[in-house]
Amino acid sequence: MTTPAHVAIIMDGNGRWAKARGLPRLAGHRAGVEALRKTVRAAGELGITWLTVYAFSSENWSRPKTEISDLMGLLKIFIRRDLAELHHSGVKIRIIGDRDGLQPDIRALLTEAETLTRNNRALTLVIAFNYGARDEIVRAARKLAEAIAKGEITADAISSETVGAHLDTAGIPDPDLVIRTSGEQRLSNFLLWQAAYSEFVFQPCFWPDFGRTELEDALQAFAARERRYGGVDATKQGVAS
Ligand code: IPE
Ligand code: IPE
Ligand code: MG
């Protein structure tokens, strides 16, 4: 079975999971953190090299203040409680998104997590936090415009590679597989550039119910896909075609 090197997950449905149980949304987000722990472990065991998770979008600021502060709190708890164990298991942490928009204590925690784990070689866990793909592309465009204004590069030197190198994901391969839970079938501003040729798997379960089995199901669906990148699959061409 072909295992994707890079799996990206839109962890969606915490609120609906809680609602279905008559619980506050916070309970859903807490259960979501537990699902994340399980998924990181399973991803490593299943031979995935890169796991990107969408944890807070640049549009999630439009939620009620209390929910935003709950989500910020959970990120802090996750890093504080899990960092040592993740480091011990050889997990490397990378954060993508706009850090300038985050509180200084959160920024410091994110930097600490990246610094501590930077030489680890097992799984790389990429956390998209205060991330929006349009915002990421805008920030990259600004950096490129500044480089041109300073005379460091010329406009015709801009290629897919230079744009990619100015995104938050510089150095990270494109996701092979993008999974979204909760039944919604949209990207919600996630990895617009990087997912150009990704395979998509949409699963009906809410994120807190996601685990190793659901990940394995998605990997199985991925293995059955035929990726063509705009070309033709030479092995499937008959003589007449
Ligand atoms: C995903 O669950 C977590 C975040 C977006 C932070 P939601 O909070 O979006 O849950 P639903 O979609 O309302 O069920
Ligand atoms: C996408 O989920 C963002 C994260 C999972 C962090 P949303 O719940 O915010 O997306 P929409 O609003 O349903 O598109
Ligand atoms: Mg949602």
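Trainee: Which residues does Thr 39 touch, not counting residues up to four places away in sequence?

Mentor: Thr 39 touches Ile 9, Leu 51, Trp 207, Phe 210 and Leu 215, where contact means heavy atoms within 4.5 Å. Before we go on: this is a predicted model, where local features need pLDDT of at least 70 and side-chain atom pairs count only at pLDDT 80 or more, while totals for chains, interfaces and linings use all residues. Residues are numbered from 1 along each chain as written, chains are lettered from A and ligands numbered from 1 in the order written, and side-chain values use heavy atoms, leaving out hydrogens and water.

Trainee: Where is Thr 39 found, and is Thr 39 buried or exposed?

Mentor: Thr 39 is in helix H2. Its relative accessibility is 1%, so Thr 39 counts as buried. The classes are buried under 20% relative accessible area, exposed over 50% and partly exposed in between, with a 1.4 Å probe and protein chains only. Helices (H or I, at least four residues) and strands (E, at least two) are DSSP runs numbered from the N terminus.

Trainee: OK, on to H7. Which residues of H7 are buried?

Mentor: Leu 215, Ala 218, Leu 219 and Phe 222. Down the axis of H7 these buried residues fall within an arc of 100°, so they line one face of the helix. That arc is taken from the directions from the helix axis to the C-beta atoms.

Trainee: How many residues does H7 have, and how far does it reach?

Mentor: H7 runs over residues 212-223, has 12 residues and reaches 16 Å from first C-alpha to last, close to the 16 Å expected. The expected span is 1.5 Å times one less than the number of residues.

Trainee: Switching to charges. How many salt bridges does the structure hold?

Mentor: It holds 18, a salt bridge being a side-chain nitrogen of Lys or Arg within 4 Å of a carboxyl oxygen of Asp or Glu. One of them pairs Arg 212 with Glu 45 at 2.4 Å, N to O. That pair links distant parts of the chain, with Arg 212 in helix H7 and Glu 45 in helix H2, 167 residues apart.

Trainee: Are Arg 212 and Glu 45 buried or exposed?

Mentor: Arg 212 is partly exposed at 35% relative accessibility; Glu 45 is exposed, at 55%.

Trainee: What about Arg 139 and Asp 168: buried or exposed?

Mentor: Both are buried, and their side chains meet in a salt bridge of 2.7 Å, N to O. Arg 139 lies in helix H5 (residues 133-149) and Asp 168 in the loop between helix H6 (160-165) and E5, so the pair ties together parts 29 residues apart in sequence.

Trainee: Last topic, the surface. Which residues form a nonpolar patch there?

Mentor: Ile 137, Leu 192 and Trp 193, with about 230 Å² of accessible area together. Trp 193 sits in the loop between E5 and E6 and is partly exposed at 33% relative accessibility.

Note on methods
Patch = residues over 30% accessible without salt bridge, like charges linked within 9 Å, V, L, I, M, F, W, Y side chains within 5 Å. Areas by Shrake-Rupley, 256 points an atom, 1.4 Å probe, with all protein chains shown as cover.
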